[in-house]
Amino acid sequence: MAGTSHGHTPAAWTGVIIAFIGFCVAGAFMVAANPFGFWAGLVVVAIGGIVGYAMKLAGLGMPKESEESVRARNQAAQYQQH
């Protein structure tokens, strides 16, 4: 994946960081036996996913691949097999 920049976008980083914070909050409150804090942490995890997706829709994620580039890649792979 290093050659494709998979996940190296502001949308991905922001979503994962927010979700990680929520995971840490939920874990801390689970150990503290506080159900409200645990569920609040899980809500923050979900918010991380929503924020990441919204940022992707705003153009801060990986651009979609064009039909032409998909066709060219498939054709190149086909030639390599022969």
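Tutor: Rings of Phe, Tyr and Trp (for Trp, its six-membered ring) are paired if their centres lie within 6.5 Å, and planes under 30 degrees apart count as stacked, over 60 as edge-to-face and the rest as tilted. By this rule the count here comes to 1 aromatic pair. This is a predicted model, in which local features need pLDDT of at least 70 and side-chain atom pairs count only at pLDDT 80 or more, while totals for chains, interfaces and linings use all residues. Residues are numbered from 1 along each chain as its sequence is written, and side-chain values use heavy atoms, with hydrogens and water left out.

Student: Why is the pair of Phe38 and Trp39 called edge-to-face?

Tutor: The ring centres of Phe38 and Trp39 are 5.2 Å apart and their planes stand at 75 degrees; because the rule asks for centres within 6.5 Å and for planes over 60 degrees apart, the pair is edge-to-face.

Student: What makes Phe38 partly exposed, and what makes Trp39 exposed?

Tutor: Buried means under 20% relative accessible area, exposed means over 50%, and partly exposed lies in between (1.4 Å probe, protein chains only). Phe38 has 21% relative accessibility and therefore counts as partly exposed, whereas Trp39, with 54%, is exposed.

Student: Why is Ala33 called exposed, and where is its place?

Tutor: Ala33 has 64% relative accessibility and therefore counts as exposed. The place of Ala33 is in the loop between helix H1 (10-31) and helix H2 (35-60), and its phi is near 60 degrees, a positive value in a residue other than glycine.

Student: What makes Gln80 an exposed residue?

Tutor: Gln80 has a relative accessible area of 71%, and so Gln80 is exposed. The place of Gln80 is in helix H3 (residues 67-81), and Gln80 and Lys56, 24 residues apart in sequence, are 33 Å apart in space, C-alpha to C-alpha.

Methods. Helix = DSSP H or I, 4+ residues; strand = E, 2+ residues; numbered from the N terminus.
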